[in-house]
Amino acid sequence: MTRPTTRTAYVTATTLDGFIATDDHSLDWLLSRDIDPAGPFSHDAFMAGVGAIVMGRSTFDWVERHRAETGDAWFYEQPTWVMTHRPLEVPDGADVRTASGDVTALHPELVAAAAGRAVWVVGGGGLAADLARAGLLDEVIVSIAPVTIGSGAPLLDGHVELELVDSGVNGEFLCAHYRVVSPAAREGS
Ligand SMILES: NC(=O)c1ccc[n+]([C@@H]2O[C@H](COP(=O)([O-])OP(=O)(O)OC[C@H]3O[C@@H](n4cnc5c(N)ncnc54)[C@H](OP(=O)(O)O)[C@@H]3O)[C@@H](O)[C@H]2O)c1
């Protein structure tokens with residue numbers, strides 16, 4: 001398989017024990033923590049290079065609950081695909097599309113929409129791991145919060161092999177940038 005040159009990156013915050021949300025999809029463990037938006041591993045800097053976004057339904061539903069609480073507008077200007085089996089209400093002013101089935105089959109459409117910029121996999125860990133196991137995820141970039149929660153939504157569902165590229169500290173977070181070791185490279189090693 002020829003890999004597209006567009007990078008596909010899973011960028012998220014995680015607990016130290018590898019969860020991106022609690023069992024009831026709360027991010028309270030994350031949202032109150034110190035972080036410098038312009039500091040190392042800046043999310044704003046990453047977003048400037050993003051051309052397309054993909055997320056699962058639980059993640060979309062969290063965004064919508066958060067927006068309902070805060071009154072915020074839709075966060076993203078990039079075309080965004082939500083993987084779901086159910087209809088959803090597209091937020092005002094948002095370019096939100098739905099898809100279902102194999103996320104790896106959607107990947108060429110994400111790459112085309114990104115038009116040379118990155119595809120951001122927001123989560124969850126099932127989608128990211130499916131792309132990784134298909135050799136379609138290039139990078140995992142995590143900001144690790146100094147907390148464990150014992151159970152919840154997994155950072156990556158199943159075995160994904162990674163290689164550390166870079167690391168840093170931003171506020172309370174230890175940040176790490178990994179390259180995904182593709183299954184083909186693993187078999188060849
Ligand atoms: N810490 C962070 O920075 C961060 C980042 C991202 C997300 N999060 C949070 O992490 C949690 C992730 O939740 P999650 O593990 O449940 O993952 P998710 O991927 O957000 O949602 C999973 C749901 O998406 C739908 N789905 C996923 N793949 C699909 C496919 N191939 N075809 C059709 N539908 C598909 C299914 O819902 P339906 O069948 O019901 O449609 C599935 O139950 C959320 O609470 C989110 O807010 C945290």
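Predicted model: local features only at pLDDT ≥ 70, side-chain atom pairs only at ≥ 80, totals over all residues.
Trainee: Is Thr-84 buried or exposed?

Mentor: Burial is read from the relative accessible area, and a residue counts as buried under 20%. Thr-84 has a value of 9%, and is therefore buried. Thr-84 belongs to the loop between strand 4 (80-83) and strand 5 (96-99).

Trainee: What does the side chain of Thr-84 contact?

Mentor: The side chain of Thr-84 makes a polar contact of 3.1 Å with the side chain of Arg-57. The Thr-84 side chain also reaches the backbone nitrogen of Arg-86, at 3.0 Å.

Trainee: Where does Asp-24 lie, and which residues gather with it in a patch of negative charge?

Mentor: Asp-24 is placed in the loop between strand 2 (19-21) and helix 1 (28-31). On the surface, Asp-24 gathers with Asp-23, Asp-28 and Glu-69 in a patch of negative charge. Exposed means over 50%; Asp-24 has a relative accessible area of 61%, so it is exposed.

Trainee: Why does Ser-151 count as partly exposed?

Mentor: The partly exposed class lies between the limits for buried and exposed. Ser-151 falls in that class because its relative accessibility is 30%. Ser-151 is located in the loop between strand 7 (139-145) and strand 8 (153-154).

Methods:
Residues numbered from 1 in each chain as written. Heavy atoms only, no water. Patch = residues over 30% accessible without salt bridge, like charges linked within 9 Å, V, L, I, M, F, W, Y side chains within 5 Å. Areas by Shrake-Rupley, 256 points an atom, 1.4 Å probe, with all protein chains shown as cover. Salt bridge = Lys/Arg side-chain N within 4 Å of Asp/Glu carboxyl O. Lys, Arg positive; Asp, Glu negative; His and termini not counted. Charge placed at Lys NZ, Arg CZ, Asp CG, Glu CD. Helix = DSSP H or I, 4+ residues; strand = E, 2+ residues; numbered from the N terminus. Buried < 20%, exposed > 50% of the residue type's maximum accessible area, 1.4 Å probe, protein only. Polar contact = N/O pair within 3.5 Å; in protein donor to acceptor, adjacent residues only side chain to side chain.
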